[in-house]
Amino acid sequence: MSERSVERWRRAWRERGEAGILSKGSPGRPRLSCVQIARLERELERGPFPHGWADQRWTLARVKTLIGRLFHVSYTVEGTWRLLKRHGWSWQQPTRRAIERDDAAVDLWKKEVWPRVRAVRRRATAGSSLRMKPASR
């Protein structure tokens, strides 16, 4: 504890009594109000296209950017996820596959190409923790 902090607390006690030294809470990030949350939900329901994104996927990074544009409040990607989860939004995955998907080509790639490019696992062998070759010691 610094002397400066103690002096600040003493001055607050003299000026305002016990109310002067009560905690004002965590100086956390700014939160969105209920009105702002309602507006955010309306904007999310409109979709990403009206907000400048070409496809129809909301990502956490896009929602974070939208919050910044609409309310001038900065959230982290993790904070954005917690905010959405707290208000009933959940992670989603498309229920259908892309129209352009070629299942035959995917199967062929898995059978022929993947085995050739996959890294071969090395067997565990006795070794040394030194970073030099045994012959150079």
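Helix 1 (residues 3–16) gives the most to a nonpolar surface patch, contributing three residues. Helices here are DSSP runs of H or I with at least four residues, and strands are E runs of at least two, numbered from the N terminus. The patch covers about 590 Å² and is made by Met1, Val6, Trp9, Trp13 and Ile21. Such a patch joins nonpolar side chains (Val, Leu, Ile, Met, Phe, Trp, Tyr) within 5 Å, from residues with over 30% relative accessible area and no salt bridge. A salt bridge places a side-chain nitrogen of Lys or Arg within 4 Å of a carboxyl oxygen of Asp or Glu. Accessible areas come from the Shrake-Rupley method with a 1.4 Å probe; for residues, only the protein chains shown count as cover.

The model is predicted: local features need pLDDT of at least 70, side-chain atom pairs count only at pLDDT 80 or more, and totals for chains, interfaces and linings use all residues. Residues are numbered from 1 along each chain as its sequence is written, and side-chain values use heavy atoms, with hydrogens and water left out.

Ile21 counts as partly exposed because its relative accessibility is 41%. Buried means under 20% relative accessible area, exposed over 50%, and partly exposed in between (1.4 Å probe, protein chains only).

The protein has six helices and zero strands. Along the sequence the pattern reads α-α-α-α-α-α. Of its 137 residues, 18% are buried. The protein exposes about 12,500 Å², and carbon and sulfur atoms supply 53% of that area. Among contacts (heavy atoms within 4.5 Å) with a separation of 6 or more, 35% join residues 24 or more positions apart.

The largest nonpolar core has 13 residues. A core of this kind is a set of buried Ala, Val, Leu, Ile, Met, Phe, Trp, Tyr and Cys residues joined through side-chain atoms within 4.5 Å. Leu32, Leu40, Ile67, Phe71 and Leu83 have the most contacts inside the core. Helix 3 (34–46), helix 4 (60–71) and helix 5 (77–86) each give two or more residues to this core. Helix 4 supplies the largest share, five residues.

Beyond its neighbours within four places in sequence, Ile67 touches Leu32, Leu40, His72, Val73, Tyr75, Thr80 and Leu83. Thr80 belongs to helix 5. Thr80 counts as buried because its relative accessibility is 0%. With neighbours within four places again set aside, Thr80 contacts Leu60, Val63, Lys64, Ile67 and Tyr75.

Technical notes: Patch = residues over 30% accessible without salt bridge, like charges linked within 9 Å, V, L, I, M, F, W, Y side chains within 5 Å.
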